[in-house]
Amino acid sequence: MSNFFNEMYDGGKVREPYARLEGWTRAMPAELRQMKQAEAEALFRRIGITFAVYGEGGDPDRLIPFDMFPRVFTQFEWRKLERGIKQRARALNAFLLDVYGRGEIVRAGKIPARLVYQNEAFERAVTGFVPPRGIYSHIVGIDLVRTGPDEFFVLEDNCRTPSGVSYMLENREIMMRMFPALFRESRIEPVDGYADALRRTLASVAPAKCDRDPTIAILTPGHFNSAYYEHSFLADLMGVELVEGADLFVEGGFVWMRTTEGPKKLDVIYRRIDDSFLDPLCFRPDSMLGVPGLMDVYRSGGVTITSAPGAGVADDKAIYTFVPEMIRFYLGEEPLLQNVPTWQCGKADDKKYVLEHLPELVVKEVHGSGGYGMLVGPKATKDQIEHFRLKIEEDPGNYIAQPTLALSTTPTFVEEGIAPRHVDLRPYCLVGENIELVPGGLTRVALTDGSLVVNSSQGGGVKDTWVLAE
Amino acid sequence: MLSRTAENLFWIARYIERAETMARLLEVGARIALMPSAGHGYRSEWESLLQASGTAEGFAEKYGDPVQRNIESYLFFDRDNPSSVVSCIERARENARIVRTALTSQVWDALNMAFQEMRQLERKARSELELTELTEWVNRQAAMVRGAMDATLLRNDGYHFLNLGFALERADNTARLMDVKYYVLLPRLDFVGGGLDNYQWQTLLRALSAHRAFHWAYGGEITAAKIAHFLILNRQSPRSLITATETAMDHLDQLARDYHKSGPAQMRARAVLGELSETRVEDIFEEGLHEFLTRFIREIGELTEMVQHAYLSGEAR
């Protein structure tokens, strides 16, 4: 374990941000801890925050395990991260506006045309269309990992509909309910401004044809979706409607909600469904989740869709390698956050290297998410490695590989007491009239000893994430 | 409000009311079964209970003979029976989960707790569960849900849709509960008012938690006419058909006021109430209790369809 950066203990000493927590854990006997843990679980269950795991069947009311040991950043650490995250969010949006417009970055030879225009996530249907304020990705979730006191790496960008923000908010709420004294002693930056900021962001991108206070709604695939809780939670906090496709219809160049008082015009849709389901007339004809004619209204400026259809082309794992290039190209700045070195199996040299070093690498599908279809070399069996070798040979363009990062650990409550477990971080950056970032994010923790996979679908848990005020 | 949200709210209330009715039906059945019956025996009484709850067919398919224990399982625990207590509570909670944003946390808590406790009940051995315990549990959960709604909800359109759900379901359910009585004891003139008949009527009152209330309201001897009056025509009785109809009409009127628009549903509610107001108990017995109740259930069904069309379907313009 000594190879990993422990965010609390550095060479036997407690690092500054965790100073107060040292006393807190000392003063907490095992029985109290178990009681609190049970209390937290009861609270989560009562609130109804549950997470159904795709393809596993089983209990639809499963909880994501919540670890009470907070993850802490100093103000100084956070400011640095914040600058890097905002920089990245700006560059990603500039890229999207560009590739659906003149494609300067491709013409300049900085990114291969094939990667952009033949990308599955590239939406021909929106080329040439400029969304309000030229913004495509209004909520950017940037997954970060840490390997040392000052070393942060971006693992991936999520430009479409990053989920998990409800956990950021609820984890805080529950920690404050259970340990009010901790919050009195430490000065922790609040995160509860997120919903207002999100609402402001969405309102600021109202379509040109909207001449009043915009009506906003969240479009959900429905209550069977694993993230439904989050959709309804956010709608509630913002005071906006939560709609399904069947609640909407298109008429006279606008989108309308079916209400008990007749049709009501809708101006901004924060969609939590994939592009391909948005409009059966434009994308998948078999989609039951979408709204026929929605894309026509969108392209004629009758409604804003956030994130904009097509935003996915920026968060593809193959495009990811070029984000530092985007930052230089559009912003004329040096990237503040580093990328993880990435090998593209589509390139012959890279593929050769990857196949020779499989036991040391992490291999991912270009379009995969949620920790599925992933190989963690150092943890894999021989069979798994050979299986991946075949898969890569079969379709090299579909895979990338990265070195196995020495993910930092933070103290985590486990059966035997407190032990270090690997963590990552997903902050949520809002892009509208302003670029905003609430001080915090979702920390995911791999609860299994030694595991580097933090995805909730693979047995990961969550933690409250603190940014200390100065 | 979204039509779908209104529909979910409407159904939360209907399922809770229905769960309560199912529990009350079971109680009526269990009590009536303890009594010597009017010549049909044990079996027909439970049969009649299934008839009245509209679940006879489904039951026959699954179990065949109406044995008390099976009927209890079917009406309380069986998920294959869409009207069982368990199905109703589960769906009420699922509807609530869908419209969490339209409910206060107290209302959600009440519904969610009912669901969580129900799952614990389901894990217990049936031999450990007394029927009266189960029915009391259901009544208690329903009371908590109603209490939370009453104490915490904004009096907006959502509140009216919830209460419309309660009122329309209750009108339908009280009528059906009374109909059990009809099935148990075919209304032969010489039975009406006899000693046994009265005992069975009293059982019905007990199941409706209205035994005491009845005595306060009428006093003296219990007669079929008094009870019919109490459950159908008395505006003081919270479960009477006239009270339920009037409640539905009130909430429809408030919706019309809020929305500045009245329609066929309001007119129909007024008509049903008008007729009830002018009906005398004698008229009901003359028409035949069963015939009267069947007609009433149909009318409430039609009114419900009008509500559906006007507000819940999303077709309103």
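Helices here are DSSP runs of H or I with at least four residues, strands are DSSP runs of E with at least two, and both are numbered from the N terminus. With that in hand, hello everyone, and let's begin with a loop. His260(B) is found in the loop between helix H12 (241–259) and helix H13 (264–278) of chain B. Its phi is near 55 degrees, a positive value in a residue other than glycine.

A quick word on the source. This is a predicted model, where local features need pLDDT of at least 70, side-chain atom pairs count only at pLDDT 80 or more, and totals for chains, interfaces and linings use all residues. Residues are numbered from 1 along each chain as its sequence is written, and chains are lettered from A and ligands numbered from 1 in the order in which they are written.

Is His260(B) buried or exposed? We call a residue buried if 20 or more other C-beta atoms, placed from the backbone, lie within 10 Å of its own, exposed if 12 or fewer, and partly exposed in between. His260(B) has 7 other C-beta atoms within 10 Å, so it is exposed.

Arg133(A) counts as partly exposed because it has 16 C-beta neighbours inside 10 Å.

Now please find helix H15 (residues 289–312) of chain B. Its 24 residues should span 34 Å at 1.5 Å a residue, and the end C-alpha atoms are 33 Å apart, which agrees; the expected span is 1.5 Å times one less than the number of residues. Buried residues in H15(B) include Phe292(B), Phe296(B), Ile300(B) and Leu303(B). Just after this helix, Gly314(B) takes a positive phi of about 80 degrees.

Next, how do the chains meet?

Last, a sheet. In chain A, four strands form an open sheet in the order E14-E17-E15-E16, with antiparallel pairing; strands pair if DSSP finds at least two bridges between them. Strand E15 (residues 361–365) pairs with E16(A) over three bridges, and Lys364(A) stands opposite Met374(A) in E16(A).
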